[in-house]
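Here is a briefing on one protein model, grouped by topic for quick reading. Please keep the structure open while going through the points.

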Amino acid sequence: MKNLFLVALLCLSLGSYAAKPKHQYVRISTDKGECIIMLYNQTPLHRDNFLKLAKEKFYNGTLFHRVIQNFMIQGGDPDSRNAKTGAALGEGDVGYQVPAEFRDSLFHKKGVLAAARDNNPEKASSGCQFYIVQGKTYTDEQLDAIETKRLQFKLPESHRAVYKTLGGSPHLDRNYTAFGEVVQGLELVDSIAVLKTDERDRPVTDVKMEVSILRRRQARKLEKALKTSNPLLINKEY
């Protein structure tokens, strides 16, 4: 009986260890701090592309090259690596685009990770450039105006509630693909968004990044903590 009990206990332990986290996570580290981002399962093309680039260490050494307070911080331009002070940035790419993945449940609240793009009619995303929303809070009257003048559709009440409290950039909804969100370290976005910038919105002082993928054990530990602090986040099918 004792041996059977030990075997059962071992199986339970191994099963718990082998359990896959519900999501995949990346860490963005800078000299201003770091944040952890949960990638949405509902946008698999963007998720997998971002993971591929992070695994290749593509983003390491690149800059947050475009920063607009109360809007967003943008990075991922390969040309920003070792760029000269004052150089124009934002045109670098990897030679391909990612098809748009708009989902009604995903919107541009503060902390959302989304893909930059050019003005292509399909609204396909850049293969590498991304931004993290800082945004601002809105009143009902302001949201009504955005619906009428910019979006041409009604925002769900649940989204409006977030835009009125946490804040975000609602005019980007269904125009740019949101594919993740900051789950730890949101203050990093605020610390970068307030930096002094030049006429091209590039920070006067370079902010370099490193992007790494959380290992399975790290992701499981994070999700355990998030279930306590924000259970609705993990239970949603993002």
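**Briefing: strands, cores and salt bridges**

Strands S3 and S4 (residues 72–75) run antiparallel and are joined by 4 bridges. Strands pair here if DSSP finds at least two bridges between them. Helices (H or I, at least four residues) and strands (E, at least two) are DSSP runs, numbered from the N terminus. This is a predicted model, in which local features need pLDDT of at least 70 and side-chain atom pairs count only at pLDDT 80 or more, while totals for chains, interfaces and linings use all residues. Residues are numbered from 1 along each chain as its sequence is written, and side-chain values use heavy atoms, with hydrogens and water left out.

**The S3–S4 hairpin**

- S3 and S4 form a hairpin, with 3 residues between the strands.
- Asn 70 sits in the turn and has a positive phi of about 65 degrees.
- Phe 64 has Gly 75 as its bridge partner in S4.

**Overall build**

- The protein has 7 helices and 10 strands.
- Its 238 residues are 46% buried. Buried means under 20% relative accessible area, exposed means over 50%, and partly exposed lies in between (1.4 Å probe, protein chains only).
- Of the contacts with a separation of 6 or more, 72% are between residues 24 or more positions apart. A contact means heavy atoms within 4.5 Å.
- The accessible surface is about 12,800 Å². Carbon and sulfur atoms account for 52% of that surface. Areas come from the Shrake-Rupley method with a 1.4 Å probe; for residues, only the protein chains shown count as cover.

**Nonpolar cores**

- In soluble globular proteins, nonpolar side chains tend to be buried together.
- The largest nonpolar core holds 29 residues. Such a core is a set of buried Ala, Val, Leu, Ile, Met, Phe, Trp, Tyr and Cys residues joined through side-chain atoms within 4.5 Å.
- Ile 28, Ile 37, Tyr 59, Phe 130 and Ile 132 touch the most other members of this core.
- Elements giving two or more residues to this core include strand S1 (24–30), strand S2 (33–39), helix H2 (44–55) and strand S3 (64–68). Strand S8 (130–133), strand S9 (178–184) and helix H5 (187–193) are also among them.
- A second, separate core has 19 residues, including Ala 114, Ala 116, Val 133 and Leu 214.
- Ile 28 touches, among others, Cys 35, Ile 37, Phe 64, Phe 130, Ile 132, Leu 188 and Met 209, not counting residues up to four places away in sequence.

- Side chains of opposite charge can pair when their charged atoms come close.
- The model has 13 salt bridges. Each is a side-chain nitrogen of Lys or Arg within 4 Å of a carboxyl oxygen of Asp or Glu.
- Asp 140 and Arg 160 meet in a salt bridge at 3.0 Å, N to O. Asp 140 is in helix H3 (residues 140–151) and Arg 160 in helix H4 (residues 157–165), 20 residues apart.
- Asp 140 also forms a salt bridge with Lys 164, with the closest N and O atoms 3.1 Å apart. This pair again links H3 to H4, over 24 residues.
- Arg 160 forms a salt bridge with Asp 144, with the closest N and O atoms 3.0 Å apart. Arg 160 lies in H4 and Asp 144 in H3, so the pair ties together parts that are 16 residues apart in sequence.
- Arg 160 is buried at 6% relative accessible area. Asp 140 is partly exposed at 30%, Lys 164 is partly exposed at 35%, and Asp 144 is partly exposed at 35%.
- A network of salt bridges links Asp 140, Asp 144, Glu 147, Lys 154, Arg 160 and Lys 164.

**Cysteines**

- The disulfide count is 0, a disulfide being a pair of cysteine sulfur atoms within 2.5 Å.
- Cys 35 is buried at 1% relative accessibility, and Cys 128 is buried at 2%.

**Two further positions**

- Gln 134 is in the loop between S8 and H3. Its relative accessibility is 7%, so Gln 134 counts as buried.
- Gln 134 touches residues including Ile 68, Asn 70, Met 72, Lys 110 and Val 189, not counting residues up to four places away in sequence.
- Ala 161 is in helix H4 and is partly exposed at 36% relative accessibility.
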